[in-house]
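Let's walk through this chain together, starting with its surface and overall build and then stepping inside. Keep the viewer open as you read.

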Amino acid sequence: MQVNSRPFGVTKYGEAVTAYELVNASGASAVILDYGATVQSLLVPDRGGKLTDVVLGYETVAEYEQNGGYMGATLGRVANRIGGARFSIGGKEYRIFKNDGENTLHGGERGFDKYVWAAEVKDGSLCMSRLSPDGEENFPGNFSLCVSFTLTDGNALEIRYDADTDAVTPVSLTNHSYFNLGGDALGHVVTINAERFCEGGADCLPTGRLLSVEGTALDFRAGRVLGEALAQEDAQTALFGGIDHNFVLSGSLAAEAYSPASGIAMQVRTTLPGMQFYTSNSLSERAGKRGTVMGPHGGFCFETQIFPDGMNHYGFPSPLLRPGEHLHSETVYSFSVK
């Protein structure tokens with residue numbers, strides 16, 4: 001894997017942003033920004049051999065800062081939602097910033113997606129690292145992490161998360177890339193390896209109940225066209241104008257997607273127990289890369305994760321990381337053609 005770098009602009013705080021291009025032996029490439037450890041582009045071949053960008057994103061730093069959507073960003077300290085913007089550890093309550101109604105979303109007012117990370121090429125990978133100090137967004141503990149990106153010669157983007165803390169703290173890290181493998185995202189065939197999902201409430205928080213996918217719009221076990229699933233009458237999708245749910249994964253192969261238009265297929269493998277499948281329901285119409293227009297249902301996210309609001313639901317996998325423990329997780333997005 002070859003790594004090239006170039007300037008990408010300057011943040012509103014005057015920080016220089018660098019784009020790191022990972023290129024494999026076949027010419028496929030990924031561009032990772034040190035702003036937010038963000039996947040800005042991911043070019044893989046379609047059935048005709050043409051390199052196709054399969055992630056949504058922006059052309060400038062200002063757009064990433066102003067337009068939102070968490071496009072391709074690394075999210076933390078806790079991705080997804082924390083109910084009531086509060087949690088307790090050892091009887092002590094922590095109140096954090098409300099940036100999603102009464103809840104906290106994707107790390108708070110200034111999550112990991114809004115910082116410039118340190119970058120280093122190490123052991124054949126691009127390592128993005130930062131120290132989240134004790135009290136940042138009111139989370140406890142000095143929390144250090146490295147997110148490593150590797151583009152293999154087999155056209156797989158491997159993302160590895162490694163982290164440590166000096167005090168007990170909740171942690172759930174993910175990548176928030178919006179995928180479109182070519183053509184209309186609603187025409188993609190999606191498969192999700194999950195028998196159950198977290199029931200969502202009106203505020204997009206899990207209720208704590210795990211429901212069967214059987215017979216619902218969220219049943220992707222056998223593969224189905226995304227648009228057909230969203231057209232199915234279903235109380236859960238009606239709440240959010242689409243799918244924005246955590247799936248309880250049944251194995252390391254979390255999901256697959258296929259675009260009949262381009263012939264590009266992808267697989268998602270992970271060591272994590274859950275995956276938020278988000279069909280960009282709230283993505284307002286906006287300009288993207290190379291003059292494209294993005295909007296609702298124009299892409300989808302496969303956010304591998306600990307279950308959302310895990311610290312507030314007994315029985316969910318615990319997101320707590322303790323001193324002396326080392327967090328390590330892996331998610332791999334692999335691409336091929338049919």
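Accessible areas here come from the Shrake-Rupley method with a 1.4 Å probe, and for residues only the protein chains shown count as cover. By that method the chain exposes about 13,100 Å², with carbon and sulfur atoms supplying 49% of it. Please bear in mind that this is a predicted model, in which local features need pLDDT of at least 70 and side-chain atom pairs count only at pLDDT 80 or more, while totals for chains, interfaces and linings use all residues. Residues are numbered from 1 along each chain as its sequence is written, and side-chain values use heavy atoms, leaving out hydrogens and water.

Now for the overall build. The chain holds 3 helices and 29 strands (DSSP runs numbered from the N terminus: helices are H or I with at least four residues, strands are E with at least two). Its radius of gyration is 19 Å, close to the 20 Å that the globule rule gives for 338 residues, so the chain is as compact as a globular protein of that length. That radius is taken over C-alpha atoms, and the rule is 2.2 Å times the number of residues to the power 0.38. Along its principal axes, the C-alpha trace spans about 60 × 50 × 35 Å.

Let's go inside. Buried residues make up 57% of the 338 in the chain, where buried means under 20% relative accessible area, exposed over 50%, and partly exposed in between (1.4 Å probe, protein chains only). A nonpolar core is a set of buried Ala, Val, Leu, Ile, Met, Phe, Trp, Tyr and Cys residues joined through side-chain atoms within 4.5 Å. The largest such core has 56 residues, of which Phe-247, Phe-277, Phe-302 and Phe-335 touch the most other members. Strand 13 (residues 143-151) gives the most to this core, with 5 residues. A second, separate core of 16 residues includes Phe-8, Tyr-58, Tyr-178 and Met-294.

Two individual residues are worth a visit. Gln-236 sits in helix 3 (residues 235-240) and is buried, with a relative accessible area of 10%. Beyond its neighbours within four places in sequence, Gln-236 has contacts (heavy atoms within 4.5 Å) that include Phe-197, Leu-218 and His-245. Asn-312 lies in the loop between strand 27 (301-305) and strand 28 (320-321), and is partly exposed at 34% relative accessible area. Leaving aside neighbours within four places in sequence, Asn-312 is in contact with Ile-82, Gly-83, Arg-86 and Phe-87.
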